[in-house]
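Open the model in your viewer and keep the selection panel at hand.

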Amino acid sequence: QVQLVESGGGLVQAGGSLRLSCAASGSIFVTYDMSWYRQAPGNQRELVASITRGGSTNHVDSVKGRFTISGDYAKNTVYLQMNSLKPEDTAVYYCSARIRTRIPGSIDKYWGQGTQVTVSS
């Protein structure tokens, strides 16, 4: 079994910053790419940023220059530094990781439970 636990969400004023963390634990053999998604009420879940084991990152255009994804693969942890937050960034943020487990050794995509980020104007 693998668990992803997010932390760091909350309420912040526009222009403020938050740092999200997500730690994976359990029967992990290898963690491959890790990602952050978000879902606002009435909207589909969208990919915000992703990072590969090799360190390559990708950010959706709406957050480029404001958000930065980083990862510590020794700790199976991914971070999302969010600066210059806007009210339209308000959403539930989910982390995701593609992981090969020790037993049974399959590669699957796992999800965290989500953390609420609310940006007031």
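Buried means under 20% relative accessible area, exposed means over 50%, and partly exposed lies in between (1.4 Å probe, protein chains only). This is a predicted model: local features need pLDDT of at least 70, side-chain atom pairs count only at pLDDT 80 or more, and totals for chains, interfaces and linings use all residues. Residues are numbered from 1 along each chain as its sequence is written, and side-chain values use heavy atoms, leaving out hydrogens and water.

Select Asp33 and Arg98. They form a salt bridge (a side-chain nitrogen of Lys or Arg within 4 Å of a carboxyl oxygen of Asp or Glu). Their closest N and O atoms are 2.7 Å apart. Asp33 is partly exposed at 24% relative accessible area. Arg98 is partly exposed too, at 36%.

Next, Asp89. Its salt bridge with Arg38 has closest N and O atoms 3.0 Å apart. Both residues are buried. Asp89 also meets Arg66 in a salt bridge, at 2.7 Å from N to O. Arg66 is buried.

Select Met82. Beyond its neighbours within four places in sequence, Met82 is in contact (heavy atoms within 4.5 Å) with residues including Leu18, Leu20, Phe67, Tyr93 and Val117.
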